[in-house]
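Subject: Structure handover

Hi,

Here is the structure I promised to pass on to you.

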Amino acid sequence: MGRKVKDNFAKGIIYLATGITLSVLIFIVGFIFVKGIGLVNFDFLTRDFNEKVFYAFVQNEDVSMSIDEEALKQKTPFDDRYESLIEGPIYVDNIGAAIAKVTYKNNATEHEQLVISYIEKNSPLTNAADSTGKEMRIGTDYVIQSINGTDFEGLSLDEAAALIKNQSDELKIKVVQPGGGVKSNIITTLYMVLLSLVIAIPLGIFGAIYLTEYAKPGRFVNTIRFAAECLSGIPSIIFGLFGMAFFVVALKLQISLLSGSLTVAIILLPVIIRSTEEALKTVPTSFREGSLALGATKLQTIFKVVLPCAVPGIATAVLLSIGRVVGESAALLLTAGTVAQIPGTLLSPGSTLTVQAYYVAKEEGNIELACAIGIVIIVIVIVLNILSRIMSDKLDVFNKK
Amino acid sequence: MDKKIKFNTKNLDLFYGDFQALKSINLEICEKEVTAFIGPSGCGKSTFLRCLNRMNDLIESVRIEGEILFDGQDINGDIDVINLRTRVGMVFQKPNPFPMSIYENIAYGPKCQGLKDKTQLDKLVKESLIKAALWEEVKDRLNKSALGLSGGQQQRLCIARTIAMQPEVILMDEPTSALDPIATAKIEDLMSKLKKDYTIIIVTHSMQQAGRISDKTAFFLMGEVVEYGETPVIFTNPADKRTEDYITGRFG
Amino acid sequence: MEAIKRKKLRERIIENIFLLCACVAVISLLAITFFVFYNGLAPFVSNSYSLWSFLTGVEWRPGSNMYGIFYMIVGSVLATFGAILIGVPVAILTAVFIAEMAGSRAGKVIRFAVELLAGIPSVLYGVFGLGIIVPYVLKISPMAQGESLLATVFVLAIMILPTVVSISETSLSAVPKEYREGSYALGASKIQTIFRVVLPAAKSGIMTGVILGIGRAIGETMAVMLVCGNPIAGIPTSLFSQIRPLTTNIALEMGYASGVHQELLYSTGVVLFVFIMIINFAVNRIVKTKVGN
């Protein structure tokens with residue numbers, strides 16, 4: 001009897017522990033989704049993080065409104081992160097768009113602004129260009145500040161509309177492109193993933209080939225394995241320190257996309273080497289012997305027989321690596337910076353989604369925004385997880401055969 | 001037959017998923033005898049053995065129909081499996097001592113039953129080892145790892161471990177198949193000594209072994225019991241043609 | 001003949017390229033060690049700061065040339081210890097559930113959940129900590145802020161779960177089924193079998209998982225940075241004290257530090273590095289003794 005009580009007690013504790021683990025996951029993911037989902041929309045994904053002020057040149061061209069007044073009132077896609085409506089909207093023919101007056105909040109400062117609330121399909125605003133002639137599309141939610149040198153500051157909505165109507169020929173409009181999105185971070189993340197994989201994958205795969213196909217087991221192989229193991233145990237902040245000392249300072253690559261991806265490539269190396277090695281080991285020796293017996297060289301055997309068999313394993317490694325790059329933050333903080341921009345060159349800085357999430361949480365204390373970025377990251381992680389599961393299932397099928 | 005019947009199975013069927021591994025087994029196994037199950041690989045003899053202490057419970061897809069009466073009680077019914085296994089011990093094909101000391105291996109079962117008294121445990125360990133003819137060899141290193149013993153010693157340790165539970169029946173699943181001839185001889189010797197206290201049921205691949213040690217023999221083929229009877233009769237004058245073929249080495 | 005020679009030469013060249021790639025891991029490790037130590041030991045070699053006051057100081061005030069990291073070491077060790085204390089039992093029992101008690105479907109689901117937990121970037125754990133744990137700690141804390149040792153311990157305990165669960169689960173599943181059968185045949189119940197036979201048999205694998213968990217906890221930066229408070233001085237005296245682990249010290253100030261200040265951040269890295277190396281060697285030893293058995 002005593003034993004049964006004890007057993008049930010132990011069972012209860014085991015269930016409890018499992019419950020804690022599961023609920024922690026659900027709680028974290030749930031927290032991030034609940035907090036952040038309100039901010040995730042199309043604009044969030046397609047806008048830059050920072051506002052951008054520029055002058056747009058627009059042809060004066062009358063376009064009549066194709067919807068009625070009621071519908072126009074509905075078309076107030078004001079971004080509720082920034083704006084609440086004061087007046088309007090009023091449709092202005094010669095730019096083919098409606099403007100409205102709103103209070104515009106940015107980093108706790110609040111002031112009245114004119115924003116574009118609706119744009120006709122063939123409005124001249126859709127063909128706007130900047131001073132160099134580069135196309136600069138103006139969209140809804142953009143703030144307009146001045147036209148042909150005349151500031152809108154202090155004007156009522158009607159006065160502003162009249163001012164726009166009275167312009168002839170080309171219009172030079174000072175616009176503010178709204179920020180708050182993570183487009184640049186998504187693109188930086190993408191660059192970072194591509195670049196670090198391009199560096200780490202060949203190194204890792206070739207290294208693994210050497211270890212499994214060429215090296216004789218012994219001290220040398222053990223040394224490399226030990227090094228790889230040590231590397232995988234080093235915290236990423238140390239990689240960051242190294243990247244800063246070596247790539248950023250010694251090689252003068254600055255805090256940049258390149259420094260970041262080189263640093264991350266080293267972080268990825270052990271994962272890729274180990275998974276590739278394991279994948280190569282599962283290829284039966286008889287395959288190699290068969291190929292060699294047919295007169296193929298060792299290299300041909302490796303590339304035509306062994307590697308193709310190991311592809312699912314290697315693909316899993318690649319997916320794991322992508323996940324690692326997406327999740328990396330400490331090392332990138334020190335080597336790629338926190339500037340939310342699309343890096344123009346290899347030597348420009350840029351922040352990935354994860355670094356951006358850290359930045360907004362720590363420096364701005366904006367947990368909602370950090371969670372919104374978190375949603376994007378978690379979705380990426382889940383997709384990668386599912387893909388790698390499918391991949392390793394494929395590997396199993398190969399093994400069963 | 002004046003001996004008491006220990007196990008009695010009635011129309012026992014066993015399925016692994018859709019595959020029927022045992023077909024309508026009807027056997028009566030007597031107390032304090034050695035009963036041997038022989039037959040070719042995959043004939044169901046081990047599966048049947050594992051039914052007798054419900055070890056098949058560990059395999060998910062197994063379904064059992066029919067009755068197994070142990071001292072008249074159906075063990076497939078609502079019984080305490082743990083209690084059953086303390087009364088019906090088992091020794092496996094591969095010696096499987098736990099990665100603990102020799103002493104702990106033998107004290108394990110009694111401790112699981114809640115026995116804590118040190119002097120009682122010491123006595124039990126010693127007695128079991130003596131009964132299993134291992135005491136002389138290991139008495140100086142009871143606290144050393146059991147994994148350091150030779151294969152034959154490990155198997156005798158497993159027998160000692162089973163004896164420590166003071167079971168009524170000992171099931172042995174090819175206990176000597178992983179051992180060399182000398183170790184095998186020692187275990188066979190042990191079995192003939194143990195049978196005065198315990199009912200022993202052994203699955204074996206070796207017909208010679210069955211002939212040497214068992215009182216009764218059952219010949220299994222394709223999940224059925226082809227023939228069951230006194231060992232000398234089965235080996236010298238089998239009633240069934242298939243038994244004769246197997247025993248004379250024409251197949252299997 | 002010429003063609004064969006060329007073919008052979010090509011094979012040799014490519015083999016050497018492979019060799020070179022294999023060496024990159026070793027070279028990187030050496031380079032990392034060299035650069036971190038070179039920069040980190042410089043201030044002590046050139047006597048611009050005393051090693052003793054660096055290691056024993058309890059104030060980090062770059063403005064007044066005070067760089068003591070003793071209170072950070074204490075913070076790091078306490079946070080790691082606390083995380084292990086909470087996280088490891090939960091993780092091992094979860095692993096037991098997956099390996100021993102769950103049906104194949106439930107096992108799959110939980111395993112997937114654990115993998116997902118492992119895939120969530122550390123920053124998001126930090127955001128979670130900042131959004132949920134810190135406010136809760138604040139409610140029960142006598143201090144004016146929720147960022148604390150306690151919050152750090154909770155975040156780290158969560159973060160080591162996946163590492164310890166998956167490694168423990170692997171080593172539990174690797175325990176031969178003969179042990180389990182032997183135990184059941186002796187009349188042991190399932191729970192007794194798990195706690196008396198299976199867990200002890202998987203001991204070394206589980207230890208490896210725990211040590212890797214320690215490594216993860218002590219090396220964690222971004223999540224901790226958001227919830228630990230990062231004070232400039234003071235050994236933590238209670239669970240509600242703010243702490244400043246070694247890792248966050250580096251990440252916080254590396255961006256703008258220069259001169260001795262920067263070098264001493266590298267020195268902080270050296271101390272962290274030494275901790276990690278000790279852990280690595282411990283893992284290596286455990287794995288080796290396991291093979292030895």
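Below is what I found, with the conventions first.

This is a predicted model, in which local features need pLDDT of at least 70 and side-chain atom pairs count only at pLDDT 80 or more, while totals for chains, interfaces and linings use all residues. Residues are numbered from 1 along each chain as its sequence is written, and chains are lettered from A and ligands numbered from 1 in the order in which they are written.

UniProt, in an unreviewed entry, lists residues 73-283 of chain C as "domain: ABC transmembrane type-1"; its positions are given in the numbering used here, feature names are shortened, and annotations may be inferred rather than shown by experiment. That stretch of chain C is 79% helix and 0% strand, with its end C-alpha atoms 22 Å apart. Helices (H or I, at least four residues) and strands (E, at least two) are DSSP runs, numbered from the N terminus.

The unreviewed UniProt entry also annotates "transmembrane region" in chain C, including residues 16-38 and 193-215. Residues 16-38 of chain C are 100% helix and 0% strand, and their end C-alpha atoms lie 31 Å apart. For residues 193-215 of chain C the values are 96% helix and 0% strand, with 31 Å between the end C-alpha atoms.

The domain assignment (bounds from an automatic or database assignment) divides chain C into domain 1 (2-47) and domain 2 (72-292). Seven residues of domain 1 of chain C and eight residues of domain 2 of chain C make up the contact, where contact means C-beta atoms, placed from the backbone, within 7 Å.

Now to where chains B and C meet: 14 residues of chain C are in contact with 20 residues of chain B. On the chain C side, helix 7 (177-185) and helix 8 (190-201) each supply at least two residues. Helix 7 of chain C gives the largest share, six residues.

Finally, chain B has an open sheet of six strands in the order 6-7-8-3-9-10, with mixed pairing; two strands pair if DSSP finds at least two bridges between them. Its edge strands are strand 6 (88-91) and strand 10 (224-230) of chain B. Strand 9 (residues 216-221) of chain B runs antiparallel to strand 10 of chain B, joined by six bridges. Across that pair, Phe219(B) is opposite Glu227(B).

Best wishes

Terms used:
Two residues are in contact if their C-beta atoms, placed from the backbone, lie within 7 Å.
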